[in-house]
Amino acid sequence: MSAPRPGAPDGIHPLAQPFLFVFKPGFARLFVLALAVLLLVSFGVEFAMTGGEGLSKYPEVLGGYEVLPALAAAAAIIAAWLVRWVLGVAPDFYEREAGDLTKTESESADG
């Protein structure tokens with residue numbers, strides 16, 4: 001962590017301020033809609049370029065170049081989730097290992 005900057009509003013670095021729009025509500029929805037529009041446009045471009053003929057590597061599979069990267073991205077997301085689940089620790093793991101906790105969860109549940 002870095003020390004708070006006295007000249008920066010809310011402790012945000014001046015170079016980071018132009019990118020704060022990413023964290024506004026609704027940006028994720030807008031981003032997904034923009035990706036969906038790009039996907040549909042890419043289908044249209046491929047159809048217009050191939051015209052049902054063989055400019056595509058696999059002309060019998062319309063949209064293969066759009067679907068396969070989407071499946072690869074989904075597989076990467078699921079794999080990352082599984083790795084985090086396997087390698088993850090409990091939220092109080094480091095405090096428990098350091099002996100900073102006064103009561104364990106089982107003792108606090110008993111009363």
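This is a predicted model: local features need pLDDT of at least 70, side-chain atom pairs count only at pLDDT 80 or more; totals for chains, interfaces and linings use all residues.
Local features need pLDDT of at least 70 and side-chain atom pairs count only at pLDDT 80 or more, while totals for chains, interfaces and linings use all residues. Residues are numbered from 1 along each chain as its sequence is written, and side-chain values use heavy atoms, with hydrogens and water left out.

**View A. The edge-to-face pair of F21 and F27.** A search of the whole structure finds two aromatic pairs, where rings of Phe, Tyr and Trp (its six-membered ring) pair if their centres lie within 6.5 Å, and planes under 30 degrees apart count as stacked, over 60 as edge-to-face and the rest as tilted. The ring centres of F21 and F27 are 5.4 Å apart with the planes at 80°, so this pair is edge-to-face. F21 has a relative accessible area of 40% and F27 one of 23%, so both are partly exposed (buried is under 20%, exposed over 50%, partly exposed in between; 1.4 Å probe, protein chains only).

**View B. The stacked pair of F27 and F31.** These rings lie 6.2 Å centre to centre, with 25° between the planes. Both residues belong to helix α1 (residues 27–50), four residues apart, about one turn of the helix; helices are DSSP runs of H or I, at least four residues, numbered from the N terminus. F31 is partly exposed at 47% relative accessible area, and ring pairs link F21, F27 and F31 into a cluster.

**View C. L87 at the end of helix α2 (residues 64–87).** L87 is exposed, with 65% relative accessibility.

Definitions and conventions
Helices (H or I, at least four residues) and strands (E, at least two) are DSSP runs, numbered from the N terminus.
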